[in-house]
Structure formats: structure tokens, C-alpha cells
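This report describes the local architecture of one protein chain. Please keep the sequence and the three-dimensional view at hand while reading.

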Amino acid sequence: MKILVVADVHANWAALSAIQESFDACLMLGDLVDYGTDPQTCIDWSRQHATAAVRGNHDHAVAQRVAVREGGGFRRLARATRSLHWDVLDSSRMRYLARLPVTQHVPLGGHRFFLVHATPRDPLDEYLGVDPPIWEERVREIEADFICVGHTHQQFHIEVGGKQIINPGSVGQPRDGDPRAAYAVIEDGQVSLRRVEYDIDAAVRQMRGTGVEPWVVELSETLLRRGGLTREEMDAFL
């Protein structure tokens, strides 16, 4: 069985559509929206193809109409695109985001999967990278063979306590210095972290066509082409 694992699409259809893997099942780990400007198509793809999906912090905020707190960097970018989301997303797509579960247990291909956007302790917000001792603590009570997470926009695959933890990285806004769309494939229990180039020019053209402010396009293009920016670089840019 071949399982596609994707996370952190962030309304970047050009990146999501570049993933041309065949698959028997798809696991979506949250954050379909914010930062990018093509949320409708990304949500529709998930509705059609995701075998199971969980809610990310940005999905929650968009669906619940949570205003972004004041601040620079990624907060300012989210604030600039979230209002557009509220304008273009119809009630059906908003309901889809609102009804996504926070976690899911999913049996597939003879294995047990646990899906969460961030961590089991804090499903929407805890930011935890490659730290095996802390992950072992977080997943100790989780009955699963594979724990699939997102949120950090960083690919990794580690094993702790006999459980495999997989972060496929970000499809739509990588932050590890590699601008290619990131995802993972699990085939017959074997994990493969993968990347694919996509048409960043198309993503930028689509964003420009929505009428967002020029600084939004400029910052987003820099983020996409460089595969991320540090907080200091974000603050300096703005």
C-alpha cells in the first residue's frame, strides 16, 4: 500500500499540484490555508483526495474567524492573506475547515497511524523539531506505529520507543532552505521523504492577480524562492 503524506500547503496550489505521485491513501496533516492566496483549490483537493485529514492552527483560525494578533514577520503575512480567505471561501469550504478533527487514529495497510498537526500534548500549536527524547515523552501513550505531524515546515523521520514519527515538511512554504515542495510517501511500511520542484512563477502570478498589497507578493516570492527566511530576515524585510 502506498500512502501519500502532506502538510502545510498554505494555499499554494502551484506547489500542491506539482505532487504527481500515485497513491492508495492520502493523509493530510493540516494548514491548508493562510500565507498563500489560492485556498479554494487546495481545500477542494483535500476534500477529494484525503483519506484522513486533521486541523492545523491556520485552518482553525480561518474557520473560526480569529483575527491575527499584531506583530511582524509571519503574523503580518498571515494577517494580510487571512482577510482574503474570508472573502473568497464559501460556507461549504469554511465548514470543511471547521469540522476537521484535531487528531485522528487511522488503520491503513496493516499499520496504525496517529495524525496530529503539532504534537499530542498541544495538537495545534506546540513547535517541536527533531528532538527524540522529547518526542518519546510526547508519544509514550499513543497507540500507533506511525505518528504523522506537521507544523514546523521541516522534514524529518525518527524512531522513538518503537514508533516512527514522520514530518513530511511543508508543501507550500518550506523553511529549510530548499524551495521544493516537501512531502512523504509510506509504501509497505517504508518511509521516503521526498521533494519536487514546482512553478514558483505561477504561484507568484496567482498571488499578484488577487490584488493583495505589493509587499505581500514581494515577501512571499522571497520566501518561496529561498525556501524560508529567518525571523530576523523577516523583520528586516518588513
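Strand 6 (residues 146-148) and strand 8 (residues 163-168) pair in the parallel sense, with 3 bridges between them. Within this pairing, F146 has Q164 of strand 8 as its bridge partner. The model examined here is a predicted one.

| Strands | Sense | Bridges | Residues facing each other |
|---|---|---|---|
| Strand 4 and strand 5 | antiparallel | 6 bridges | P107 and R112 |
| Strand 5 and strand 6 | parallel | 3 bridges | F113 and F146 |
| Strand 6 and strand 8 | parallel | 3 bridges | F146 and Q164 |

Strand 4 and strand 5 (residues 111-116) form a hairpin with 2 residues between them. In that turn, G109 has a positive phi of about 55°.

Is E159 buried or exposed? With a relative accessible area of 57%, E159 lies over the 50% limit and therefore counts as exposed.

**Helix 8 and its surroundings**

Helix 8 (residues 214-226) has 13 residues. From its first C-alpha to its last it reaches 18 Å, close to the 18 Å expected at 1.5 Å a residue. The buried residues of this helix are W215, V216, V217, L219, S220, L223 and L224. Their cover includes helix 4 (73-88), helix 7 (200-209) and helix 9 (231-237). Just after helix 8, G227 takes a positive phi of about 70°.

**The largest pocket**

Rolling a probe the size of a water molecule over the atoms shows where empty space is left. The largest pocket holds about 950 Å³ of space. It is lined by 29 residues, of which Y35, N57, H58, F74 and R75 are the closest to its centre. Helix 3 (57-63), helix 4 and helix 9 are the elements that give two or more residues to this lining. Which element gives the most to the lining of the largest pocket? Helix 4 does, with 5 residues. Helix 4 and helix 9 are also among the elements that cover the buried residues of helix 8.

**Two residues with a positive phi**

Most residues other than glycine have a negative phi. D31 is not a glycine, yet it has a positive phi of about 65°. Its place is the loop between strand 2 (25-28) and helix 2 (39-49). Because its relative accessibility is 1%, under the 20% limit, D31 counts as buried. R65 is likewise not a glycine and has a positive phi of about 55°. R65 is located in the loop between helix 3 and helix 4.

Methods:
Residues are numbered from 1 along each chain as its sequence is written. This is a predicted model: local features need pLDDT of at least 70, side-chain atom pairs count only at pLDDT 80 or more; totals for chains, interfaces and linings use all residues. Side-chain values use heavy atoms; hydrogens and water are left out. Two strands pair if DSSP finds at least two bridges between them. Helices (H or I, at least four residues) and strands (E, at least two) are DSSP runs, numbered from the N terminus. The expected span of a helix is 1.5 Å times one less than its number of residues. Buried means under 20% relative accessible area, exposed over 50%, partly exposed in between (1.4 Å probe, protein chains only). Contact means heavy atoms within 4.5 Å. On a 1 Å grid over the protein atoms alone, a cavity is a set of points where a 1.4 Å probe fits but cannot get out, and a pocket is an open set with protein on both sides within 12 Å along at least five of seven lines; lining residues have an atom within 4 Å of a point. Grid points are joined across faces, edges and corners, and a volume is the space filled by probe spheres set on the points.
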